Amino acid sequence: MTKTDPGEAVISLRKVTAELGSRPVLRGIDLQVGRGEVVALLGANGSGKSTAVRTVIGQVPVSGGEIEIFGAPRRRFRDWARVGYVPQRTTAAGGVPATISEVVASGRLSRARFGILGRADRAAVARAIDLVGLADRAKDSVNALSGGQHQRVLIARALASEPELLIMDEPMAGVDLASQEVLAATLREQVAKGASVLLVLHELGPLEPLIDRAVVLRDGCVTHDGPPPRAVGQHALPGHDHVHPHTADAEPVRTGLLT
Amino acid sequence: MEILEYAFMQRALLAAVLVGITAPAVGIYLVQRRQALMGDGIGHVAMTGVGLGFLLSTSPVWMATAVAIVGAVIMELIRWYGKTRGDIALAMLFYGGMAGGVMFINLAPGGSNANLQSYLFGSLSTVSEEDVTAICLLAAFVVLVTVGLRRQLFAVSQDEEFARVTGLPVRALNLLTAVTAAVTVTVAMRVVGLLLVSALMVVPVAAAQQLTRSFAATFAVSVAIGVAVTIGGTATSYYQDVPPGATIVLLTIGVFIALTVLATPLARRRARAAAAAAASDPAECAVPAQPAAKG
């Protein structure tokens, strides 16, 4: 099984364009993820990397180009149990308390007919929670967790359907070192089992050894597609923490009634 | 029990119990998606339905249901497409609905705002045989949706974007939530009144949260609180001759305050337990092991 055989692409974007409001965010990007491949999507804030993955899952409408998932046009793709998605979040909590089990179980709905979870489904949910090292806290409320643990819950939720393809939007954002190690180990295990991964990352960080290929976006265009870029200068120093303020225009104003 | 001897009180109590069950059952999903005030908006819009019911001499309950459903669907559509101007569109919908209600009821033959009063704040003596039938049917629908589709509604209300990737029909479920909330508003309208409906959707859920850690438990406790306060409030209203809607809502807020006070030691104990559980990821700074000083 060759890794970049185009016939084997699990995700394929061709000349995809998208706008947010009237502002073009993607200006015709090409992106392939082969079966068993781990691809990192890199770029500065506002480069369009989050928008690109959100077009794949259908959260952002495209204005041109083609998207295929497992060889099927995105609009006709129905087999969502094969896809595990980790949205960009700082919390797994909603407005009402929920246990880790309850949140992770919603990731199993793609395999559960009529939303009825059988014994096999509950076992899969328990396995997913165990994979991220939260088995002893499964009955705890997610409100009681730390930032890194929230991210682990979100990843367990994505793994609950036992997907072949993982799409993760900045899974390492705001994650403490202990959780980063758990996440990297979880991901390594999934990749060893043959999962394909598309990761949006701000920087390569602890996941670097896993990454086969990096695609760099800038202003909605692909500027690099190949081996992961090596960190240089100060960025290459061990323990370098890439911290800088995020631009405010990324978040729309929320009024509560509309969200 | 003297209170059960009168047919109108039997009807009022039955309606009250159904309100106590349905309002928190829908409200929990609204609170979960942080749309706690949605019920209030639907209540405003439903007033136009009540007014139309009087004007056209049809059942105000069914007319209010129809108008509330249309209003809730419009609100959901505004949420999809509205983006930046959405909140202003919603405000117009709410106040337009309220103004429409007042206008229609004044135009109705023999109508006056006195008739509207019982719909706005609830009334026990006016729950008719026909109302009870409507309330029972609507309540059955609400329970069927909120219990039968609880996993789907939980997923969509917890994280809409993620729910889309599990293949759930997110838009259909959002519309269903809106319609169910609209139906609940009209179920509750006769007992607590349109202007106070939202309190019964939100406050029992907020009160239950003081004690619970899971969604399932929050659901059960908030319905239990809902039933307790609607029965208690209806009985108090009968014996003390005070308006039922206001009594029920004040009672619910009382329960919320009582549970919050009672839960404070519980929360402390849980925080300690959580800290102990997190001992593997140390909560405090550990002094790094220094290499032994030479010499």
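How many of the 26 residues of H1(B) are buried? The count is 21 of the 26, so H1(B) is largely enclosed by the rest of the structure; a residue is buried if 20 or more other C-beta atoms lie within 10 Å of its own, exposed if 12 or fewer, and partly exposed in between, with C-beta atoms placed from the backbone. The model is predicted: local features need pLDDT of at least 70 and side-chain atom pairs count only at pLDDT 80 or more, while totals for chains, interfaces and linings use all residues. Residues are numbered from 1 along each chain as its sequence is written, and chains are lettered from A and ligands numbered from 1 in the order in which they are written. Helices (H or I, at least four residues) and strands (E, at least two) are DSSP runs, numbered from the N terminus.

**Helix H1 of chain B**

- H1(B) covers residues 7-32, and its end C-alpha atoms are 38 Å apart, in agreement with the 38 Å that its 26 residues should span at 1.5 Å a residue; the expected span is 1.5 Å times one less than the number of residues.
- Arg34(B) follows H1(B) and has a positive phi, near 60°.

**Helix H3 of chain A**

- H3(A) runs over residues 119-131, 13 residues in total, and reaches 18 Å from first to last C-alpha, close to the expected 18 Å.
- Its buried residues are Ala124(A), Val125(A), Ala128(A) and Ile129(A).
- Seen down the axis of H3(A), these buried residues fall within an arc of 135°, so they line one face of the helix; the arc is that of the directions from the helix axis to the C-beta atoms.
- The other side of H3(A) carries the exposed residues Arg119(A), Ala120(A) and Ala123(A).
- Helices H2 (100-105) and H4 (147-159) of chain A are what the buried residues of H3(A) pack against.

**Contact between the chains**

- Chain A places 32 residues in contact with 37 residues of chain B; two residues are in contact if their C-beta atoms, placed from the backbone, lie within 7 Å.
- On the side of chain A that touches chain B, strand E6 (83-86) and H2 of chain A each supply at least two residues.
- That side of chain A divides into 14 nonpolar, 13 polar and five charged residues; Ala, Val, Leu, Ile, Met, Phe, Trp, Tyr, Cys and Pro count as nonpolar, Asp, Glu, Lys and Arg as charged, and the others, Gly among them, as polar.

**Helix pair in chain B**

- H3(B) (residues 60-81) and H9(B) (residues 170-192) pack at an angle of about 150°, with their axes 8 Å apart; axes are lines fitted to C-alpha atoms, for helices over the stretch in contact, and angles run from 0 to 180 degrees between N-to-C directions.
- The residues of this contact of H3(B) with H9(B) divide into 15 nonpolar, four polar and one charged.

**Loop residues with positive phi**

- Glu162(A) is not a glycine, yet has a positive phi of about 50°.
- Glu162(A) sits in the loop between H4 and strand E7 (165-169) of chain A, and counts as partly exposed because it has 18 C-beta neighbours inside 10 Å.
- Asp241(B), also not a glycine, has a positive phi of about 55°.
- Asp241(B) lies in the loop between helix H11 (215-240) and helix H12 (244-277) of chain B, and counts as exposed, with 7 C-beta neighbours inside 10 Å.
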